[in-house]
Amino acid sequence: MSNNKIPTAEEYANSMYQEYPVSKEIHELMIEFAKLHVQAALKAASNVKTNYISRFLITQDIINAYPLENIK
């Protein structure tokens with residue numbers, strides 16, 4: 001995982017557990033878990049006020065900054 005490409009759940013699981021293949025169901029659970037955390041992180045970030053910007057960050061722009069479709 002040293003390159004800049006973010007691995008898919010399947011690629012990550014296969015690289016970590018080469019001797020024990022991970023099922024498709026586990027990959028799907030990993031994806032849903034990641035989506036929950038991305039949504040929570042973006043929501044938390046949308047509530048942050050920075051010293052560099054005199055107004056609150058635009059909530060929807062932050063929440064939509066990383067499309068959940070990118071989580072594979």
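In helix H2, the buried residues (buried meaning under 20% relative accessible area, with a 1.4 Å probe and protein chains only) are His27, Ile31, Leu42 and Ser46. The model is predicted, so that local features need pLDDT of at least 70 and side-chain atom pairs count only at pLDDT 80 or more, whereas totals for chains, interfaces and linings use all residues. Residues are numbered from 1 along each chain as its sequence is written, and side-chain values use heavy atoms, with hydrogens and water left out.

H2 spans residues 24-46, and its 23 residues reach 33 Å from the first C-alpha to the last, close to the 33 Å expected at 1.5 Å a residue, the expected span being 1.5 Å times one less than the number of residues. The protein comprises 3 helices and 0 strands, where helices (H or I, at least four residues) and strands (E, at least two) are DSSP runs numbered from the N terminus.

Helix H1, residues 9-16, packs against H2 at an angle of about 115°, with the axes 9 Å apart; axes are lines fitted to C-alpha atoms, for helices over the stretch in contact, and angles run from 0 to 180 degrees between N-to-C directions. In this packing, Ala9, Glu10, Tyr12 and Ala13 of H1 meet His27, Met30 and Ile31 of H2, contact meaning heavy atoms within 4.5 Å. The residues of this contact divide into 5 nonpolar, 1 polar and 1 charged.

Of the 72 residues of the protein, 12% count as buried. Among contacts with a separation of 6 or more, 32% are accounted for by residues 24 or more positions apart.

Definitions and conventions. Buried < 20%, exposed > 50% of the residue type's maximum accessible area, 1.4 Å probe, protein only. Nonpolar A, V, L, I, M, F, W, Y, C, P; charged D, E, K, R; others polar.
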